[in-house]
Amino acid sequence: MKKACAGDYSAQLPQSDADDELHKLAKATNALIQQLKRREDQLRRFDEDSHQATERYQRLETNIPGMVYIFAQHTDGSYSFPYVNPASREMFGIEPDALMRDWMLLGGRIHPKDQGRFYQSVLSSAQNLTPWRQELRLISEDGEERWYDCISRPEMQPDGEILWDGIILDITERKQAENSLLLTRFCFEHTSVGIILFDPDGMVVDVNPVACKNMGYTHEELCRLDVYKIDPLVSTEDVQELLRKMRIKGVHVFESVHQRKDGSRFPVEVTLNGFKYDYDNYVICFANDITERKKAEKALRESEIKYRLLHESMMDAFVSRDMEGHILEANSIYQKMTGYSLEELHQMTYQDLTPAKWHEPEQNIVKREVLTRGFSEVYEKEYLRKDGAIIPIELRTYLLRDDSGEPCGLWAMIRDISERKMTEEHLRLIEFCVENSSISIFQVDEPDARIRMANKHACDTLGYTREELCNMSALEIDTNVTLEGWRKHRKNIRKSKSRTVETTHRRKDGTTFPVEVTISFFNFKGKEYAFSFVQDITERKKVEEDNAKLELQLRQAQKLESVGQLAGGIAHDFNNMLSVILGYAELLKLDLPLESSEWSHVLEIEKAATHSKEITRQLLAFSRKQIIAPESINLNQLIDERKKTLARLIGENIELRFIPADDLGLIRFDPSQLDQILINLAINARDAMPSGGKLTLETGNVTLDEEYCRTHVEHRPASYVLLKISDNGIGMDRETVTHVFEPFFTTKEVGKGTGLGLATVYGIIKQNEGTINVYSEVGLGTTFKIYIPRSDDAPESRKRAEPISLISGSETILLVEDDEMVRGMTSAMLEQLGYTTIIADSPEHAVSICEDNDDKVDLLLTDVVMPGISGTELSEKIQKFRPGIKTLYMSGYTTNVIVHHGMLEDSVNFIQKPFSLNDLARKIRLTLDES
């Protein structure tokens, strides 16, 4: 018994006959144990069946194509989902737990049009406990409308609640297919075209009512016919050819004839299309009865000739379109205007030809005018041609109506107004140009010179309003013309049609200004008109005055430049002669005793030649041929150092004043040339103040801009240091000022001046890229303004030249000089100094000597300017034969061959003619000994 209580039913109670009661008890107990054992086996089998059923249900729930649910109607009338499978997540994007908490997450998505039907059907199912099935539309999260088939079975619960267990299936694609099929069937049944469906054997499968009506058969009768009974003209070969064409093009359209039940025939336009169904090829035939169209075409052909004659004989373009804007007809003028053929136009709408900006305005005209009264006023717009050009047009549009009086299209007469627009635009441009012209334009009436028109520039220039000017006479603004003069003037102008004069006009405020007036007469449509074109020439007059001044300055500069070239040439030849005179004088002194009378004669010759040498030095300075050694100089410091010397030079009766500028810029200049400038100008100032006076030196920093330089041709825009030297002496008149810088020009008495002082100053300033101006009036003194380019270099410390002793030599020197006398004198000097001399009278001679002679040559001493080639070119040629040979150049004046702006090029050895024996000895030694 204990085992049975523990679940072990294998034990049996023993049965004893001794005790009847115990026997009965044991038997009953054993029967109970057997019954429990059988119940245990049943429960085990039930559990196994339940487990298998659960597994099958879970698989079904997972694989079923829909949402499985239990829907509950509670006793209080509310609803809920006690159970929802996971498909809710995939179908509706709603988690099952969330939906079981709030059924309205799904109920709220029922389409508003289906909600009433939903609730009514649920209530009916609940009342009658009948199965519930509805097709409902639900709105998805992204707003898409989808169809669902909802199926369920209700069951009343003991507590009064009703549970529906069911499934929801998405049938959107099926509904769409059904709707499409219904629409297709509706179109099939209600289209105005006969439709016949043929099977692969050419038998009729289906027809629509129109086909039955057109052919006089019932639906059943037609479905027993084949293609050959319907179209008596078609053959087997024709059918095969039609099928072939459909396979290539997909759709084939042609005209044929169909036969009615009564045997009559009628024309049709047939459109064939093939398709596959259940792996068989079917053909659908659209047969349009074109009997009326054929009649219309015949009538149209009969009227076409008349219409075409009218259509093409029109002078303007013609076009018609339907209410949707498609172009129906256009004459040749319209085609030419737009650039499109009629075939191309048939594929277009009027908006394709019209730029977008005209679409809305033209639509408004059609609505406001054409549709209300049948036509429009003439209006303008633009067309876009095929080639991309835009042309202006004007048109009037008319309404077309069909037989019932309804609007069916529009037609228009169109004119190309490009030429007119161009003319109008040209006139507007002319009007704009006249009004905004930079000159004054007047229309002057005959015969009293009354002003009829004046442009804006005329009003602005004269200070009058347009109304004021148009009530005035031209004589009121022209100070030089009278009425009698105007009439006489007018007769002369009529002959030449135009005339230009200079006169003076008077402004409203009384001021006058110079003008250039061109008066022209025009004849337009038989009437004569006079116009005045007036140019204010105030600026031109000023420019002419400035140009006259500039021309005077330019002529003066050109004259000085020409004189400078002449002076340089003279100095060159003169220096050659002085070289001979001074050279031989020096050689004579070496051979004469000091006490002899010839010694004193030679000294006088040397003295005269030295004085002449100073004249040539001044000529070279004027012609800018001096060799200079510029340094960075503070002009204030140099003048301060020279004040005592200048004071002694001008005398005690003249007060010397120096006004230095603060922070004066540096200049790059040869100090010895600055001394020449200061001394020459001080001497001129002294001679201009014989009774005493004041000489003022003043410095400053100056920047000359382009505007200033336009009226001072000798200047260029830059930063300068200004040196101003002023005296209060007798001054000069204008004529004297124009010649003051010319060489040998002087106002002094004969013998008291060479006329080279200011010429030397001018040449020095120009050589250093500066400018000099002179301002003078008789009795008011003279002022010289010298502009020297400012330098950014640092100031230099000047080195004292160490003297070189006169040393002879024994080297060999090749002397090249084309002037015979200079050549002889120089050769004599070289022999005196102990050098072996080889003489050449030309560059060619020197080259041949170096080619033919193997003797060593240590130095080439050559003139710079010679016929044929220059000294530098000669040196380059000789270097080829004698590498390493030294070269010493000599010349009476500088050239750009060895100098730039008077400064020697680097590594160039040069001696200026005329030179002394000592100068030549030192220069040769320096050249030979340099590394």
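How many bridges join strand S19 to strand S20? In this predicted model, there are 10 of them, linking residues 512–524 of S19 with residues 527–536 of S20, and the two strands run antiparallel. You can pick out one of the pairs: Phe521 has Ala530 in S20 as its bridge partner.

Now head towards the start of the chain. There, five strands make an open, antiparallel sheet in the order S2-S1-S5-S4-S3. S2 (79–84) and S3 (132–139) each have a single partner strand, so one side of each is left without a neighbour in the sheet. S3 pairs with S4 (residues 145–156) over eight bridges, in the antiparallel sense, and Arg137 stands opposite Trp147 in S4. Two helices pack on this sheet. Helix H6 (residues 112–128) touches S1, S2, S3, S4 and S5, and its direction makes about 155° with that of S3. Helix H7 (residues 172–190) touches S3, S4 and S5, making about 115° with the direction of S4.

Last stop: helix H29 (residues 871–881). Its buried residues are Gly871, Thr872, Leu874, Ser875 and Ile878. They lie on the same side of H29 because they cover an arc of only 150° around the axis. Over on the other side, Glu876 and Lys880 are exposed. The cover over the buried residues includes strands S28, S30 and S31 along with helix H28.

Key:
Residues are numbered from 1 along each chain as its sequence is written. This is a predicted model: local features need pLDDT of at least 70, side-chain atom pairs count only at pLDDT 80 or more; totals for chains, interfaces and linings use all residues. Side-chain values use heavy atoms; hydrogens and water are left out. Two strands pair if DSSP finds at least two bridges between them. Helices (H or I, at least four residues) and strands (E, at least two) are DSSP runs, numbered from the N terminus. Buried means under 20% relative accessible area, exposed over 50%, partly exposed in between (1.4 Å probe, protein chains only). The arc is that of the directions from the helix axis to the C-beta atoms. Contact means heavy atoms within 4.5 Å. Axes are lines fitted to C-alpha atoms, for helices over the stretch in contact, and angles run from 0 to 180 degrees between N-to-C directions.
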